[in-house]
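Hello,

I am passing a structure on to you, together with some notes on what turned up in it. Please have a look at it first and then read on.

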Amino acid sequence: MRIEQYQIDQHNDSLLSRHNNHFIFAKEQLAEQGINADDVVKALADFQVAIPSWALGTGGTRFGRFSGVGEPRSLEEKIEDVGLLHALNRSSGSISLHIPWDIPGQAQSIMDLASSVNLKFDAVNSNTFQDQKDQEQSYKFGSLSHVDPKVRKQAVEHNIEVIKYGKELGSKALSIWLSDGSCFPGQSNFVKSFQNTLESLQEIYAALPEDWKVYVEYKAYEPNFYSTVIQDWGSSLLFCQKLGPKADVLVDLGHHLPNANIEQIVATLMMEGRLAGFHFNDSKYGDDDLTVGSIRPYMLFLIFVELVEGMKRAGRASDTYAWMIDASHNVKDPLEDLLQSVEAILLAYAQSLIVDRKKLEQARNENDVVLAQQILQNAFRTDVRPLVRESMRLAGGALDPIALFRNLSVRTELMNERGGLTVATGL
Ligand code: RM4
Ligand code: MN
Ligand code: MN
């Protein structure tokens with residue numbers, strides 16, 4: 001299924017006069033503070049969020065999985081789904097593949113299909129946290145860190161193969177998330193695990209093409225519950241520093257211990273120039289992979305305050321970082337959920353762009369704690385929804401993507417094309 005431009009235009013026409021009123025009001029409000037709303041709208045249009053191929057089907061939990069209908073059955077159908085999202089919001093212009101869940105058979109035709117719906121290929125992800133059929137060595141006790149060199153070799157070769165697939169599609173980065181660790185005290189030697197992992201990563205690093213990066217993602221726990229080899233941003237940074245300039249730290253919002261100050265982690269990584277980008281999601285307890293902004297929108301905003309600050313300081317544009325959603329759902333339509341997530345990201349970005357940074361710095365220098373808090377909360381409490389809508393509209397997207405998704409009965413259409421009992425590959 002494809003969404004045609006005239007369908008989007010018709011939808012926008014029906015909402016335009018109301019939207020214009022809201023936008024003009026927001027613009028005037030911001031002008032009073034010396035902020036040009038059009039600059040914010042422009043920055044929003046440049047902010048693209050990659051969609052992971054594994055978020056397009058129902059995720060399930062370890063207790064069960066309640067399939068949706070019309071889920072994508074192949075890589076082609078996953079590209080079709082992300083194409084639909086991008087047509088609606090113009091902010092999801094790339095897809096991130098997970099190998100071997102998404103092995104591109106014919107690279108050229110996959111690339112043609114993607115470009116026909118204006119998509120690029122984001123980072124490719126390797127998978128050494130599951131055993132695959134016909135695999136010689138098992139990852140039950142680890143992969144890149146394994147005590148047995150044969151297992152490490154297999155895991156290294158897998159990552160190099162993933163780079164090969166990514167190269168064919170025009171990806172520019174390999175994302176590594178390692179589940180390696182231990183479930184019980186005594187099970188593994190921390191230092192040897194680290195060293196084995198470093199050596200394995202060095203081999204993968206050596207296979208990176210000139211213009212590629214490797215993103216090293218950390219996670220505090222799960223599936224291992226006593227120790228994880230790359231457990232936090234410090235370990236990840238240490239690996240990256242030892243590997244070299246092509247390795248950067250990837251922050252997944254759900255991968256911290258409770259109450260971690262993620263915005264401070266972001267500030268530190270950006271200060272060191274080692275932030276690769278983000279896996280956005282939200283959580284209440286652990287790696288819950290909930291819709292972005294659904295639980296802790298203020299934290300998301302505070303993270304964006306640091307991101308914007310860090311980008312300015314480094315003189316780097318937003319498209320030089322890897323922004324991706326990493327979520328997977330059980331109870332929502334995955335496409336509606338992704339539309340909500342992208343919108344939440346753009347809202348937080350817009351709010352952080354309207355923070356009065358000069359005044360904030362002055363308040364900090366004068367130890368005016370009350371004013372500093374007020375400056376941030378003023379921005380957070382400003383309704384920036386009209387700005388996000390305006391940026392989508394100007395780019396050719398819908399003023400209300402979820403409403404249009406529903407009005408066009410996209411899910412029913414997909415079910416008619418694909419059937420009711422489809423199961424997306426991957427998670
Ligand atoms: C992990 C991690 C990785 C993702 C897998 C599916 O928890 O977030 O980024 O590739 O899940
Ligand atoms: Mn992740
Ligand atoms: Mn995760």
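One definition first: a donor is an N, O or S atom within 2.8 Å of the metal (3.2 Å for Na, K and Ca), and since water is not among the atoms, sites may look incomplete. This is a predicted model, in which local features need pLDDT of at least 70 and side-chain atom pairs count only at pLDDT 80 or more, while totals for chains, interfaces and linings use all residues. Residues are numbered from 1 along each chain as its sequence is written, chains are lettered from A and ligands numbered from 1 in the order in which they are written, and side-chain values use heavy atoms, with hydrogens and water left out.

Let me start with the metals. The manganese ion (ligand 3) has H255 (NE2) and D287 (OD) as its protein donors, at 2.2 to 2.3 Å. These two residues link distant parts of the chain, 32 residues apart: H255 sits in the loop between β8 (247-252) and α8 (262-271), and D287 in the loop between β9 (275-280) and α9 (297-314). Helices (H or I, at least four residues) and strands (E, at least two) are DSSP runs, numbered from the N terminus. The manganese ion (ligand 2) is 4.0 Å from the manganese ion (ligand 3). H255 counts as buried because its relative accessible area is 4%; buried means under 20%, exposed over 50% and partly exposed in between (1.4 Å probe, protein chains only).

Next comes ligand 1. For D287, a polar side-chain atom is 3.2 Å from an oxygen atom of ligand 1, and for H279 the distance is 3.3 Å. Taken alone, ligand 1 exposes 290 Å², of which the protein buries 93%; areas come from the Shrake-Rupley method with a 1.4 Å probe, and for residues only the protein chains shown count as cover.

Two other residues are worth a visit. N125 belongs to strand β3 (residues 120-125) and is buried because its relative accessibility is 5%. The side chains of N125 and S96 make a polar contact of 2.9 Å. Such a contact is a pair of N or O atoms within 3.5 Å; within protein, one must be able to donate a hydrogen and the other to accept it, and residues adjacent in sequence count only if both atoms are side-chain atoms. E77, in helix α3 (residues 75-89), is also buried, at 12% relative accessibility. Its side chain has a polar contact of 2.5 Å with that of R73.

Lastly, helix α13 (residues 385-394) has P386, L387, V388, E390, S391 and M392 buried. They pack against α1 (5-32), α2 (37-46), α3, α10 (334-353) and α14 (401-407), where contact means heavy atoms within 4.5 Å. Just after α13, G396 has a positive phi of about 100 degrees.

Best wishes
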